[in-house]
Amino acid sequence: MKPLLTLLFLFVGLTMGYAQSKVTKIKIQAAIYCDHCKQCESCGKRLEEAIYNEKGVKRVDLDDKSNTVSIVYNETKTSPEKLRMVIAAAGFDADDVKGNKEVYATWDDCCKKPEVN
């Protein structure tokens with residue numbers, strides 16, 4: 001009986017160690033041109049949904065004033081590189097990764113970079 005209890009405690013201890021996730025936060029510079037992106041059906045939701053679809057993402061905060069996306073994620077399930085690629089696939093520039101031009105072309109005009117005259 002005693003060896004069985006010892007094995008049980010060892011198993012529970014190891015399982016709990018693996019169950020703890022490594023949650024971290026990253027801030028990514030993103031090309032957010034829409035001044036109402038948090039409410040806009042075209043860009044704000046598109047960006048948030050794309051990021052939330054990445055495994056391990058816990059929270060997403062858009063800041064259209066500083067053009068940043070803050071993401072809380074489990075670093076055992078995704079990485080900063082993957083998160084930048086997800087953002088770029090949705091059409092947004094993400095740090096040094098350029099956004100997908102074909103996706104960007106489908107956006108509403110209010111979400112695109114303003115033309116400089």
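Biologist: Which elements form a hairpin, and how many residues lie between them?

Modeller: E2 and E3 form a hairpin, and four residues lie between them. This is a predicted model, in which local features need pLDDT of at least 70 and side-chain atom pairs count only at pLDDT 80 or more, whereas totals for chains, interfaces and linings use all residues. Residues are numbered from 1 along each chain as its sequence is written, and side-chain values use heavy atoms, with hydrogens and water left out.

Biologist: What makes a run a helix or a strand?

Modeller: Both are DSSP runs, numbered from the N terminus: a helix is a run of H or I with at least four residues, and a strand is a run of E with at least two. The protein chain has four helices and three strands. Their order from the N terminus is α-β-α-β-β-α-α.

Biologist: How do you know that E2 and E3 pair, and in which sense?

Modeller: Two strands pair if DSSP finds at least two bridges between them. E2 and E3 (residues 68-74) have six bridges and run in the antiparallel sense, so they count as paired. One of the links joins Asp63 to its bridge partner in E3, Thr68. E1 and E3 are also antiparallel, with seven bridges; Ile26 has Ile71 in E3 as its bridge partner.

Biologist: What makes Phe92 and Trp107 count as buried?

Modeller: Buried means under 20% relative accessible area, exposed means over 50%, and partly exposed lies in between (1.4 Å probe, protein chains only). Phe92 has 3% relative accessibility, so it counts as buried. Trp107, at 4%, therefore counts as buried too. In E3, six of the seven residues are buried. Of the 117 residues of the protein chain, 33% are buried.

Biologist: How do you know that the buried residues of H2 line one face of the helix?

Modeller: The buried residues of H2 are Gly44, Leu47 and Ile51. Seen down the helix axis they fall within an arc of 75 degrees, so they line one face. The arc is taken over the directions from the helix axis to the C-beta atoms. These residues pack against E2, E3 and H3.

Biologist: Why is Asn67 called partly exposed?

Modeller: Asn67 has a relative accessible area of 23%, so it is called partly exposed. Asn67 lies in the loop between E2 and E3 and has a positive phi of about 55 degrees, although it is not a glycine. Most residues other than glycine have a negative phi. Asp95, in the loop between H3 and H4, also has a positive phi, near 55 degrees. Asp95 has a relative accessible area of 35%, so it is partly exposed.

Biologist: How many aromatic pairs does the rule give?

Modeller: Rings of Phe, Tyr and Trp (its six-membered ring) pair if their centres lie within 6.5 Å; planes under 30 degrees apart count as stacked, over 60 as edge-to-face and the rest as tilted. The count is two aromatic pairs. In one of them, Phe92 and Trp107 are 4.5 Å apart centre to centre with 45 degrees between the planes, so the pair is tilted. Phe92 lies in the loop between helix H3 (80-89) and helix H4 (101-105), and Trp107 in the segment after H4, so the pair ties together parts that are 15 residues apart in sequence. Phe92, Tyr104 and Trp107 form one aromatic cluster.

How values were computed: Contact means heavy atoms within 4.5 Å.
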